[in-house]
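These are my notebook entries on one model, written while I went through the structure. I kept to what I could look up in it, one topic at a time.

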Amino acid sequence: MNYHNPKLRLEEGHDKFGKIQWRSPSNIALIKYWGKHGVQLPRNPSISFTLDAAHTETILEYTPKVGNHPGIDLEFYFEGKQNDLFKDKIQKYLESLSETFPFLDQLKLKINSHNSFPHSSGIASSASSMSALALCLCSLEHQLFGTLEEDEAFKQKASFLSRLGSGSACRSVYATLGLWGTTESIPKSSDLYAIPYHNTVADVFKTFHDDILIVSKGEKAVSSRAGHALMEGNIYADNRYQQARNRLRNLLDAMEAGDLERFGQICENEALTLHALMMTSSPSYILMRPNTLLIIEKIREYRKATGHPLYFSLDAGPNLHLLYPDSYHATIQNFIQTELKPFCENGQIIEDKVGKGAIEF
Ligand code: DP6
């Protein structure tokens with residue numbers, strides 16, 4: 001399946017212009033996507049909480065292209081400033097979509113992108129930024145050709161195109177939970193795009209918190225892209241992919257039953273497995289920092305002492321995502337502020353929660 005469509009061409013001398021704005025959130029995977037093949041296809045299914053506070057806002061303005069030089073005519077601004085590095089990446093992405101959106105080279109495009117979180121906070125921005133851009137492109141198609149009226153078709157195409165930009169981005173389009181990857185027991189699940197997943201989940205998870213503890217803001221020593229590639233030579237890879245499928249099934253059962261303890265256990269095991277895979281890659285690498293481990297121990301001690309359902313996850317970096325239900329907000333906040341904040345870089349914490357997915361604004 002692809003979305004190639006040669007009919008999406010504007011008339012010569014058209015006078016189309018307009019402005020589109022999408023806000024799209026970041027997400028935290030509970031079952032991790034780690035390992036890919038082909039054109040951005042995952043080696044195992046994954047599921048994530050869609051976040052809220054950590055998001056990207058992208059504004060796309062378009063006017064008729066002046067002159068008839070070939071290719072994409074793009075002006076790109078990140079946080080209000082021209083940014084050549086990001087521009088090149090976006091330009092290449094848009095060029096790769098020439099058969100999906102053959103009208104792109106008939107327009108002059110101006111893109112402004114802004115993240116709600118500081119660029120150097122150690123939060124991966126590819127999920128929010130690539131999904132915000134893909135959503136803008138689908139809106140553009142719809143404004144020009146009236147082709148994506150139906151919400152499910154619109155979101156599916158946006159998710160598919162987000163995936164081509166960054167795998168994890170395809171899950172950010174949907175409210176609450178996004179599931180990506182073909183999974184036997186889940187109708188409509190696909191390796192090509194994510195689907196929304198919240199109908200069979202206990203209510204407690206729909207208002208879950210995710211406080212992101214910034215342990216270190218530094219650039220990652222090994223990018224996610226390189227990390228995915230190293231999975232191809234990892235001797236644990238096949239077992240890992242099977243484990244992810246089993247864990248996904250167990251996690252969904254736990255979430256349906258509202259079983260916080262089982263949920264938390266699976267989330268923590270997944271986070272540590274991700275980092276174990278990095279440590280067992282060749283060459284091996286470690287993205288956790290000493291304070292990552294120190295905080296993990298404190299969380300586990302706290303849980304043992306109080307019985308409160310506070311769990312952690314990690315993405316491909318040293319920062320911790322603290323997951324807990326809304327009913328424990330006040331008491332767990334107190335613990336975080338007094339016991340954990342001192343171990344964060346400059347005391348930085350981003351208080352986030354499960355969100356409603358991407359919106360046009
Ligand atoms: C550890 O989506 O950043 O966050 O497809 O190469 O852009 P690319 O990788 P990316 O990988 C995310 C890895 C992860 C786990 C996850 O989000 O599922």
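**Ser139.** I looked up the surroundings of Ser139 and found that, once neighbours within four places in sequence are left aside, Ser139 is in contact with Ile20, Trp22, Phe154 and Glu360, contact being taken as heavy atoms within 4.5 Å. Ser139 sits in helix α2 (residues 126–145), where helices (H or I, at least four residues) and strands (E, at least two) are DSSP runs numbered from the N terminus.

**Basis of the values.** I note that this is a predicted model, in which local features need pLDDT of at least 70 and side-chain atom pairs count only at pLDDT 80 or more, while totals for chains, interfaces and linings use all residues. Residues are numbered from 1 along each chain as its sequence is written, and side-chain values use heavy atoms, with hydrogens and water left out.

**Domains.** I then turned to the division of the protein, for which the domain assignment gives domain 1 (18–199) and domain 2 (203–359); such bounds come from an automatic or database domain assignment. The centres of domain 1 and domain 2, taken over C-alpha atoms, are separated by 24 Å, and the contact takes 43 residues from domain 1 and 50 residues from domain 2. The area buried between domain 1 and domain 2 is about 3,800 Å², and carbon and sulfur atoms give 65% of it; buried area here is the accessible area (1.4 Å probe) that two parts lose on being put together, summed over both. I also looked for charged pairs across the interface of domain 1 and domain 2, where the rule finds two salt bridges, a salt bridge being a side-chain nitrogen of Lys or Arg within 4 Å of a carboxyl oxygen of Asp or Glu.

**Salt bridges.** By this rule the count comes to 16 salt bridges, and I followed several of them. Asp52 forms one with Lys353, with 3.2 Å between the closest N and O atoms; Asp52 lies in strand β4 and Lys353 in strand β13 (residues 349–353), so the pair ties together parts that are 301 residues apart in sequence. Asp52 is partly exposed at a relative accessible area of 32%, and Lys353 is partly exposed at 37%.

The side chains of Asp73 and Lys108 also meet in a salt bridge, at 3.9 Å from N to O. Since Asp73 belongs to strand β5 (residues 73–78) and Lys108 to strand β7 (residues 107–115), this pair ties together parts that are 35 residues apart in sequence. Asp73 counts as buried at 18% relative accessibility, whereas Lys108 is partly exposed with a relative accessible area of 28%.

Within helix α3 (residues 151–165), Asp151 and Lys155 are four residues apart and so separated by about one helical turn; they form a salt bridge whose closest N and O atoms are 3.7 Å apart. Here Asp151 is partly exposed, with a relative accessible area of 48%, and Lys155 is buried, at 15%.

**Helix α5.** Helix α5 (residues 237–257) has 21 residues and reaches 30 Å from its first C-alpha to its last, close to the 30 Å expected at 1.5 Å a residue; the expected span is 1.5 Å times one less than the number of residues. I listed the buried residues of α5, among them Arg240, Tyr241, Leu248 and Met255. Seen down the axis of α5, the buried residues fall within an arc of 160 degrees, so they line one face of the helix, the arc being that of the directions from the helix axis to the C-beta atoms. These buried residues pack against β1 (18–31), β4 (46–64), β8 (177–180) and α6 (260–279), while the face turned away from the buried side carries the exposed residues Asp238, Asn239 and Ala257. After α5 comes Gly258, whose phi is positive, near 70 degrees.

**Ser327.** Last, I found Ser327 in the loop between β12 (320–324) and α8 (329–340), exposed with a relative accessible area of 66%. Ser327 and Thr207 are 120 residues apart in sequence, and their C-alpha atoms are 9.2 Å apart in space.

Technical notes
Buried means under 20% relative accessible area, exposed over 50%, partly exposed in between (1.4 Å probe, protein chains only).
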